[in-house]
Amino acid sequence: MPFKAWFQCIGECEDRYPLNEVIYNCPKCGNLLEVRHDMEVLKTRSAYAWMKLFDERFMRTEWPYGSSVWGKKEVVCPHVANENIVSMYEGGSNLFLAERLGKQIGVEDLWVKQCGNSHTGSFKDLGMTVLVSMVNQMRAEGKQITAVACASTGDTSAALAAYCAAAGIQAVVFLPKNKVSIPQLIQPLSNNAITLSIDTDFDGCMKLVKEVCAKNNIYLANSMNSLRIEGQKTVSIEIVQQFDWEAPDWVIIPGGNLGNLSALGKGLLLMEELGIIRRRPRIACAQAANANPLFLSFMKGFKEFTPKKAKKTLASAIQIGNPVSYQKAINALKEFDGVVEQATEEELSNAAALADTTGLFCCPHTGVALSALSKLVGKGIIKSHEKVVVISTAHGLKFTDFKLKYHTGKLHGVKPRHANIPVEVTANYGRVRDAIYRELDRRAK
Ligand SMILES: *Cc1c(COP(=O)(O)O)cnc(C)c1O
Ligand SMILES: [Zn+2]
C-alpha cells in the first residue's frame with residue numbers, strides 16, 4: 001500500500017516537503033515542521049487490523065519489525081527502505097507496576113514506563129533510530145551528508161553517537177561543559193563521536209549547532225527535526241498496546257525541550273484518528289522549578305510563552321530555558337486537558353529516593369515526574385482511583401553521582417528524607433549481628 005508521509009509547517013502553510021530533504025523549519029514562516037501522514041490511506045485498514053499487526057510484530061525478531069518503533073513503521077516513517085534502517089530493537093520497555101509506591105503517594109493504579117531500559121539508557125533511542133535511518137537512506141541515495149550533529153543535555157548525544165556508530169556515520173556532539181554526568185560523557189566518547197565540550201549551557205550549544213549545520217553538510221539531529229518525534233510518539237502507542245489497547249487516565253511526563261511531550265500527544269491523536277482509542281487520557285507535564293518556562297506559561301493560561309535562562313538543576317536533561325518545541329507542546333496540552341506542575345530540587349530528589357525504596361531506580365527527571373504526581377494528587381487534580389502512567393525517561397545508572405550525593409547528604413539545599421549509607425562494621429560476628437539489629441530497630445520506628 002502506498003503509505004505517504006511528508007514534512008509540513010505546524011502553522012497554516014500548506015506546502016509539503018519530502019522526508020529526505022534537509023529541512024527543519026518552514027521556509028515561509030519559520031515555524032517548526034511536523035511529519036504528516038496520509039491518513040486516508042492509513043484509515044483503509046481498520047483499527048482492529050492495525051492492533052493485530054502491531055501485536056504480531058511486537059518483540060519478535062523479524063527485521064526490522066521487532067523494534068517497537070519499526071513494528072509501527074507505516075505510521076512512523078514509511079519511506080525508509082528496510083535495508084537502510086539502523087535499529088537496536090528499541091522500545092518494548094516494561095511497564096513497572098508501582099504498587100507500593102502508589103500506596104504511599106495515594107494512587108491505586110500506578111505504572112512507570114521504563115523508557116530508560118533501552119540501548120543507550122534513555123527514551124532518546126526511540127527517535128534517534130528514525131533520524132539516523134533516514135540519514136542512512138539519504139546517503140544511500142547519494143546526498144552529501146558528512147556528519148550528523150546535535151546539542152545535548154547528555155542523552156541525545158549518547159543516542160546519536162550509538163546509532164551513528166552502528167551505521168558507520170560520523171557523529172558530532174555539542175555538550176555544555178561540566179553539565180552532563182560522567183556516564184553521559186563517556187557514552188559518545190566510547191562510540192567515537194567527535195565530542196565538543198563547550199563553555200556554555202544547553203541553549204548556547206543549541207545556537208551553535210544550528211549555525212554549524214546551516215552552513216555545512218552536517219545534518220541536525222535535535223528535536224526540531226521532527227523525524228525524531230515520529231519515533232518518540234510510539235511510546236504512547238506502546239503504552240496503550242501494553243494495556244491491551246486501553247488508554248490510561250493520566251500520563252505524567254518530564255519536559256525540557258518539550259519534544260517528548262509533543263510526541264506523546266501526536267501518538268495519542270493518531271490512535272484516536274485510527275479508532276484505536278476512544279477516550280483521551282489527560283497529560284501532566286512536569287518541570288524542574290529551576291527550568292520552568294512551560295509551568296509559568298501554564299499559570300497564565302498559555303496566553304504567552306517567555307523563554308527564560310534555566311537555573312542549575314539536578315534534573316540536568318531538562319535544564320532548558322528556551323524549549324524549541326514549546327508551541328507543539330502547548331497544542332498537545334490543550335488537546336489533552338493538560339496541566340503543568342513543577343518540582344524543586346529537594347522535592348525531585350526525595351521523590352526519586354522514595355521511589356527507589358520501593359524497588360525502582362529513578363533518574364532525577366523521573367523524580368520530577370513523581371514529585372509532580374504527588375502534588376497533583378495532593379491538589380485533588382489526579383484522583384486516587386485513576387490509572388496513572390509516569391514516563392521514566394532515563395536509567396538511574398546514568399545518575400549515580402546524584403544518588404551518592406543524595407544519600408551522603410551532599411546535595412546542596414536538599415534534606416535527604418530517605419538517605420541510606422553503608423554501615424561500617426568490623427569483621428566480627430557479634431558486631432555484625434548488632435549492626436543488623438540496630439538498623440532493624442531504627443527502621444521499625
Ligand atoms: C531529553 C530528556 C528529557 C526531556 O525531553 P524533552 O523532549 O527535551 O522535553 C527528560 N528526561 C531525560 C532523561 C531526557 O534525556
Ligand atoms: Zn509556515
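Ligand 1 sits in the largest cavity, where a cavity is a set of points on a 1 Å grid over the protein atoms alone at which a 1.4 Å probe fits but cannot get out, and sitting there requires more than half of the ligand's atoms to lie within 2 Å of the grid points. This is a predicted model, in which local features need pLDDT of at least 70, side-chain atom pairs count only at pLDDT 80 or more, and totals for chains, interfaces and linings use all residues. Residues are numbered from 1 along each chain as its sequence is written, and side-chain values use heavy atoms, with hydrogens and water left out.

**Ligand 1**
- Of the 14 residues around ligand 1 (a heavy atom within 4 Å), Lys124, Asp155, Gly256, Leu258 and Thr393 come nearest.
- A side-chain N or O atom of Lys124 is 2.7 Å from an oxygen atom of ligand 1.
- Ligand 1 alone exposes 380 Å², of which the protein buries 97% (Shrake-Rupley method, 1.4 Å probe).

**Largest pocket**
- The volume of the largest pocket is about 620 Å³; a pocket is an open set of points with protein on both sides within 12 Å along at least five of seven lines, and lining residues have an atom within 4 Å of a point.
- Its lining comprises 27 residues, with Asn178, Val180, Lys312, Asp401 and Lys405 nearest the centre.

**Second largest pocket**
- The second largest pocket has a volume of about 490 Å³.
- Among its 20 lining residues, Glu34, Val35, Arg36, Lys266 and Leu269 lie nearest the centre.

Methods
Chains are lettered from A and ligands numbered from 1 in the order in which they are written. A polar contact is a pair of N or O atoms within 3.5 Å; within protein, one must be able to donate a hydrogen and the other to accept it, and residues adjacent in sequence count only if both atoms are side-chain atoms. Grid points are joined across faces, edges and corners, and a volume is the space filled by probe spheres set on the points.
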